[in-house]
Amino acid sequence: MSRNWHDLQSPATRASLYLRAVSKRGISADRLPDDGLRCFIPVQPGNLAAYRRLCHFTDDGRLPGTYPHIMAFTLQLQLMTAPGFPFPLLGLVHLHNRIEVLRPLGGIEGLRFAVYAHNLQPHAKGGTFDLVTEADDGIGLLWRETSRMLVRGLKLEGEAGEPADGEPEPLPEATRWYADSDIGRRYATVCGDYNPIHLSAASARLFGFPTAIAHGMWSKAMALAALRGHLPHSGYAFEVDFRKPVRLPSEVVLSASEQGPMGALRLDGHAGVLHMVGRWAPL
């Protein structure tokens, strides 16, 4: 497919993009645009340090595997709030996230990102598309992320695939942590994702949630940090499916396979609530 690339000097301000997001409420079309955005984004040392503290990554001289997602977040936001993008940002549900670390993430002062959306598919609750983000360090592709997003209420031709919602195998406990009631606000301060469902119980109730819920990418980052000894420095994929949201505040338990080239993980809450399942494998 031929993509219409737009090269930017810098992303738009988040404030302007959130104003766009609030103003778009309905689905305007049933196909994705061919547009993509590209932009060089420098590493901000203060933000990187805050991210490491918040998600419990050690400073080993390399970017955490999930940190390019934070760097590219505003560019992703700009793509999905563009006038030609057919789906409202508010209400999208993050179902799946896959990160590929192709080469070591050390010695990086900035990355050139490319962001686009494709692979629109029918789903039992509407439709899904993949938001793809790629990072290049000047030598070649270094990192890639694919986020599968659900558009509720979208009507597409074709049959929806079967959801992979089976109960995963039990695994030995690796660690557990407590998600404080303000973790959504603290993560938003670092990553820029100010979705109201994460900020407070009052704002979450406007969107049908009884309490605020943790960002899925915070839970994934916490899992990746906890399992850093299980993974190589590069040449791996780390992917998760988001199941039930983590309501704030609450304690969660991370279980995982033993250290090895391939493995599985799960994040559970109390009363048998399964929040996240995932796996890692070599590329």
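Start by selecting T133, which sits in strand β5 (residues 126-136); strands here are DSSP runs of E, at least two residues, numbered from the N terminus. This is a predicted model, where local features need pLDDT of at least 70, side-chain atom pairs count only at pLDDT 80 or more, and totals for chains, interfaces and linings use all residues. Residues are numbered from 1 along each chain as its sequence is written, and side-chain values use heavy atoms, with hydrogens and water left out.

T133 is buried, at a relative accessible area of 0%; buried means under 20%, exposed over 50%, and partly exposed in between, with a 1.4 Å probe and protein chains only. Now show the neighbours: T133 touches, among others, A72, F113, W143 and R144, leaving aside residues up to four places away in sequence. Contact means heavy atoms within 4.5 Å.

Next, turn to the charged side chains. A salt bridge is a side-chain nitrogen of Lys or Arg within 4 Å of a carboxyl oxygen of Asp or Glu, and the model has 18 by this rule.

Select D241 and R279, whose side chains form a salt bridge at 2.9 Å, N to O. D241 belongs to strand β8 (residues 236-242) and R279 to strand β11 (residues 274-282), so the pair ties together parts that are 38 residues apart in sequence. D241 is buried at 17% relative accessibility, while R279 is partly exposed at 29%.

Within it, R98 pairs with E100, their closest N and O atoms 3.0 Å apart.

Definitions and conventions. Helix = DSSP H or I, 4+ residues; strand = E, 2+ residues; numbered from the N terminus.
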